[in-house]
Amino acid sequence: MSQFRNIAIVGPYSSGKTTLLESLLYVTGATTRKGAVKDRNTVGDATAEARDRQMSTEVTAARTEYGGLSFTFLDCPGSVELIQETLNALVGVDAAVVVCEPEPQKVLTLAPMFQILDEWEIPHLVFMNKMDRASSDFNDVLSALQQVSSRPLVMQQYPIRQQEQLTGFIDLISERAYQYHPGAPADPIPLPESLQEQEQTAREAMLEILAEFDDHLLEELLEDIDPPQDEVLQDFKQDLGADLIVPVFLGVADQGFGIRPLLDALVQEAPDASHTAELRGLDSENETPVAQVLKTYLLPQGGRLSLVRVWQGVVTDGISLNQVRVGGIYQLLGQQQEALAEARAGQIVALGRLEGIQTGDTLAVINGQQVPTLPRPLQVEPVYAQAITARDRKDEVKLSGAIAKLLDEDPGLRWEHRDSTHEMILWGQGDIHLQLACDRLERKYHLPIKTHTPHIPYRETIRKSTTSHGRYKHQTGGHGQFGDVYLDIQPQSRGQGFQFKETIVGGVVPKQYIPGVETGVREFLDQGMWGFPVVDIAVTLTNGSYHNVDSSEQAFKQAARIAMQSGLPNCDPILLEPIARVTLSAPAEFTANMLRLINNRRGQVLGYEPKAQWPGWDQVSAYLPMAEMQDLIIELRSLTQGVGFFHWEEAHLSEVPDKVAERVLAQTQLEQTA
């Protein structure tokens with residue numbers, strides 16, 4: 001059995017994850033004092049961005065010891081906009097502690113996290129935090145939690161209250177009662193007579209769930225035999241390790257209540273590192289090193305640290321992984337680093353100077369053998385965008401390099417250079433996510449950024465045909481310029497693009513000048529009448545004339561532009577907008593909200609149905625103009641208690657309604673004259 005345990009701390013924003021980490025580190029002796037989020041002195045949330053917002057903005061690793069084992073806790077951001085950080089970390093842990101508040105109306109925010117943990121079969125338990133503020137019945141909260149978990153929840157503790165104040169708990173395995181003391185271990189006390197009936201009911205429910213996975217325990221219950229504690233604990237260990245159940249604990253993290261029982265459960269019940277490695281198809285006893293990157297940190301001083309899980313073998317300082325030499329091994333306690341000579345299978349450590357290595361990469365010694373490929377973290381799709389520019393134009397040359405480093409550290413970001421609108425677009429999961437990115441650009445890379453809503457890549461097209469004539473004649477002191485063309489301009493079916501042909505007879509336009517005509521047509525179509533590219537159009541050169549001395553390819557290019565400029569207004573030009581196919585997902589109780597959201601944004605609902613493998617959820621499919629999608633994710637989350645999400649892909653172009661087109665063209669004209 002491995003001496004290492006790696007535990008992710010996950011849960012919604014403001015549930016108290018960072019405070020729980022502080023108490024875990026204090027109780028285990030890793031720190032000598034507890035920090036507080038409000039005082040901005042915690043081990044986690046130590047970056048300037050996190051402390052400014054008093055929220056976790058990236059994964060914090062902290063190593064400690066308890067019960068003869070070495071624990072590494074990964075405190076993960078709770079904001080749904082930073083979910084990629086959590087997904088990256090989860091691939092490297094042995095179990096997760098889901099932190100929640102004892103309020104039924106807030107439980108729904110846990111649904112996506114439970115779904116991820118269940119889908120990946122990551123063992124997890126619940127720590128119900130802030131029990132001193134609970135205003136709802138404990139059983140009501142438990143019932144609400146069960147609605148969002150596909151695994152049965154199993155209470156291991158029952159709360160003791162006096163006049164609505166949380167004073168202790170009953171351990172349902174040992175049937176012993178304990179009284180809390182701030183900053184000290186709980187003391188055993190007699191089991192309150194007033195709670196004996198509730199305790200028995202809760203214990204029976206606990207045993208009945210365990211008996212669903214243990215025939216021997218079921219026989220004991222049928223024969224009214226009280227199972228021994230060791231047997232019950234062994235059931236918890238086996239069932240939690242197989243991700244069959246979700247044990248539930250309670251406490252108050254900022255007062256230290258419930259911390260030691262939680263740690264004891266992690267020692268006695270959580271799977272060890274070798275068990276998790278075996279599930280990945282690896283052998284922790286194998287000497288060949290295999291590791292995986294969970295997080296990339298780019299330090300303010302310019303250094304690079306890769307947080308890795310060592311799955312197999314021993315990683316030593318100076319070893320080459322993926323043909324990159326390791327430049328230091330460090331044990332982390334937040335931002336504190338302790339140098340190590342080596343890291344063994346089961347440990348999570350930081351490796352220095354792994355240039356070119358990305359988050360999610362599998363690391364191994366490449367010596368001609370096949371490198372095992374570990375499952376990579378799920379990549380979330382970007383749903384929110386901002387166009388960005390350097391505040392100082394002389395910094396533009398540094399922007400792409402700085403963004404590349406930003407994406408190294410946060411794989412949840414994407415960027416593109418949109419040729420159609422000449423903008424650099426930064427994509428993420430929401431407004432806060434992109435604000436954090438811009439803050440990092442300024443703080444780390446001294447690159448202040450301006451942002452604006454990206455322009456929509458509108459297109460122009462035509463609905464009618466016409467014939468147009470263009471003549472370019474320009475006389476100078478020497479040779480003049482002369483070109484003369486007749487063009488047939490016709491609409492094409494949507495999606496057919498641009499087609500150029502010529503039907504010249506008798507050499508009225510010499511062949512060497514015809515490419516100039518096509519170039520002139522293409523250059524005009526790049527900007528169109530209103531400043532947008534023209535699509536789905538066919539142009540045929542049918543006639544023209546030339547001058548033996550004055551004609552040139554350049555002259556015919558100008559003549560073609562003149563012909564297009566005079567002819568296109570006669571073709572009933574219209575404005576087109578890109579349409580996306582979107583699939584919105586949320587609990588079924590919010591389906592009506594999703595339908596209204598689509599209808600209010602000029603969308604076309606294609607249908608809705610239950611979401612596969614998401615019990616109690618619906619998904620709505622629709623066509624939606626991309627012009628209506630800028631803040632779609634913000635409103636969707638607002639209408640679904642923060643849990644709704646969507647996937648999208650570009651679908652087709654569609655005609656812009658007249659009133660909308662008028663607004664677009666008026667705004668475009670203002671921008672062109674500004």
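These legends describe close-up views of a predicted model.

**View 1. The largest nonpolar core.** This core has 113 residues. Those with the most contacts inside it include L74, L90, M128 and L145. M206, M629 and F646 also belong to that group. Helix 6, residues 196–211, gives the most to this core, with six residues. As a general rule, nonpolar side chains in soluble globular proteins tend to be buried together.

**View 2. The surroundings of F646.** Which residues does F646 touch, leaving aside those up to four places away in sequence? They are V383, T583, L584, M629, L632, I633 and L636.

**View 3. Helix 3, a mostly covered helix.** Helix 3 spans residues 83–90, and eight of its eight residues are buried. They are I83, Q84, E85, T86, L87, N88, A89 and L90. What do these buried residues pack against? Their partners are strand 1 (4–10), strand 3 (69–75), helix 4 (111–120), strand 12 (290–298) and helix 11 (396–409).

**View 4. Strand 33 and its paired strands.** Strand 33 covers residues 617–625. Eight of its nine residues are buried, so the rest of the structure largely encloses this strand. Strand 31 (residues 573–587) runs antiparallel to strand 33, joined by nine bridges. Here I579 stands opposite P625. Strand 32 (residues 604–610) is also antiparallel to strand 33, with six bridges. P610 has D618 as its bridge partner in strand 33. Strands 32 and 33 form a hairpin with six residues between them. In this hairpin, Q613 takes a positive phi near 65 degrees.

**View 5. The largest pocket.** Its volume is about 1,200 Å³. Of the 46 lining residues, V80, I83, P112, G642 and V643 are the closest to the centre. Helix 3, helix 4, helix 16 (632–639) and strand 34 (645–655) each give two or more residues to the lining. Helix 4 supplies the largest share, six residues. By class, the lining has 24 nonpolar, 15 polar and seven charged residues.

**View 6. The second largest pocket.** This pocket holds about 840 Å³ of space. It is lined by 35 residues, and T421, E423, H455, I456 and E671 lie nearest its centre. Elements giving two or more residues to the lining include strand 22 (384–390), helix 11 and strand 24 (423–428). Helix 13 (514–527) and helix 17 (658–673) do too. Which element gives the largest share of the lining of the second largest pocket? Helix 17 does, with seven residues. The lining divides into 13 nonpolar, 14 polar and eight charged residues.

Definitions and conventions: Residues are numbered from 1 along each chain as its sequence is written. This is a predicted model: local features need pLDDT of at least 70, side-chain atom pairs count only at pLDDT 80 or more; totals for chains, interfaces and linings use all residues. Side-chain values use heavy atoms; hydrogens and water are left out. A nonpolar core is a set of buried Ala, Val, Leu, Ile, Met, Phe, Trp, Tyr and Cys residues joined through side-chain atoms within 4.5 Å. Buried means under 20% relative accessible area, exposed over 50%, partly exposed in between (1.4 Å probe, protein chains only). Helices (H or I, at least four residues) and strands (E, at least two) are DSSP runs, numbered from the N terminus. Contact means heavy atoms within 4.5 Å. Two strands pair if DSSP finds at least two bridges between them. On a 1 Å grid over the protein atoms alone, a cavity is a set of points where a 1.4 Å probe fits but cannot get out, and a pocket is an open set with protein on both sides within 12 Å along at least five of seven lines; lining residues have an atom within 4 Å of a point. Grid points are joined across faces, edges and corners, and a volume is the space filled by probe spheres set on the points. Ala, Val, Leu, Ile, Met, Phe, Trp, Tyr, Cys and Pro count as nonpolar, Asp, Glu, Lys and Arg as charged, and the others, Gly among them, as polar.
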